[in-house]
Amino acid sequence: MARLIFSLENRVLNEIQLNKARTAIGRRPTNDIQIDNLAISGEHAAILNKSNEFYIEDLDSTNGTEVNGDLVKSHLLQTDDVITFGKYQLKFINDTKLTYQTNADGSFEKTIMIRSPKEKISSKISNNTEIAGTNLQVNEITSEEISPLSEIGKIQVLNGSNVGRELILNKALTTLGKVGIQVAVITKRPNGYFITHVEGKVFPVINGVASGAQTLALNNHDVIELAGVKMEFYLGKL
């Protein structure tokens with residue numbers, strides 16, 4: 001199955017399956033992939049599936065569409081091609097084609113590398129999980145290079161149909177929210193847990209106060225409000 005890894009400045013936001021003949025990309029909510037940013041045209045581009053060959057076509061957008069750093073009008077996508085819309089990126093992966101691209105030991109390479117100034121994270125994307133029935137999506141990423149903490153962070157849902165549900169924050173990154181509306185990332189570091197606003201006009205609310213654009217350290221029993229869901233962060237035993 002072909003898919004896109006949707007990211008913003010090296011922060012993975014979502015994984016999108018290309019299971020339609022035409023996948024529209026743009027700022028308007030009618031698009032299959034909505035990117036709510038003024039740099040993106042209302043109907044910016046489309047990905048066409050032609051007998052399992054995938055083409056990206058620019059729809060006469062204002063700022064153009066880039067693939068691997070080059071402006072394109074129409075381009076046949078290959079695995080690991082990176083489509084760029086301003087600060088947003090869509091990495092194209094076609095599992096069918098990956099069967100012909102093996103490592104020396106015969107295994108398949110499906111790992112995304114994310115680098116930050118202080119840490120290098122080897123990550124794999126897991127399935128999204130819906131919390132509280134409010135379209136809050138959780139995208140967890142594993143890590144092999146994050147030192148363990150003495151206590152593990154957890155989130156408990158405080159409202160909605162799934163009130164009481166717990167999510168263990170044992171991954172390097174946990175992305176919360178809904179793409180195009182409100183997205184935040186909780187990062188697990190050796191010195192604690194931190195929340196960062198990623199996307200949306202409204203910032204996450206921590207203990208009744210908007211977080212702003214800066215990264216904030218989470219304290220035990222902080223209450224987070226995001227995309228209509230209220231959650232309590234707390235530290236528990238490993």
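Biologist: Let's start with the sheet pairing: in β25, what is the bridge partner of Gly-153?

Modeller: Keep in mind that this is a predicted model. Strand β16 covers residues 152-157, and β25 covers residues 229-236. The two run antiparallel to each other and share six bridges. For Gly-153, the partner over in β25 is Leu-235.

Biologist: Which strands are the edge strands of that open sheet?

Modeller: The sheet has six strands with antiparallel pairing, in the order β17-β16-β25-β24-β21-β22. An edge strand pairs on one side only, and that holds for residues 166-169 and for residues 209-210. Those are β17 and β22.

Biologist: On to charges. How many salt bridges are there in the whole structure?

Modeller: The cut-off is a Lys or Arg side-chain nitrogen within 4 Å of an Asp or Glu carboxyl oxygen. Searching the whole structure gives a total of five.

Biologist: How many residues apart in sequence are the parts that Arg-28 and Glu-43 tie together?

Modeller: Their side chains form a salt bridge at 3.5 Å, N to O. Arg-28 sits in the loop between β3 and β4, while Glu-43 is in the loop between β4 and β5, so the contact ties together parts of the chain separated by 15 residues.

Biologist: And is Asp-60 buried or exposed?

Modeller: Lys-73, at 46% relative accessibility, is partly exposed. The cut-off for exposed is over 50%, and Asp-60 comes in at 66%, so it counts as exposed.

Biologist: Where does Lys-91, the salt-bridge partner of Asp-80, lie?

Modeller: The Asp-80 and Lys-91 side chains meet at 3.7 Å, N to O. Asp-80 is in the loop between β9 and β10, and its partner is 11 residues away, in a strand spanning residues 88-94. That puts Lys-91 in β11.

Biologist: Last one: what relative accessibility does Lys-91 have?

Modeller: Buried would need a value under 20%, and exposed one over 50%. Asp-80, at 42%, counts as partly exposed. Lys-91 also counts as partly exposed, with a relative accessibility of 23%.

How values were computed
Residues are numbered from 1 along each chain as its sequence is written. This is a predicted model: local features need pLDDT of at least 70, side-chain atom pairs count only at pLDDT 80 or more; totals for chains, interfaces and linings use all residues. Side-chain values use heavy atoms; hydrogens and water are left out. Helices (H or I, at least four residues) and strands (E, at least two) are DSSP runs, numbered from the N terminus. Buried means under 20% relative accessible area, exposed over 50%, partly exposed in between (1.4 Å probe, protein chains only). Two strands pair if DSSP finds at least two bridges between them.
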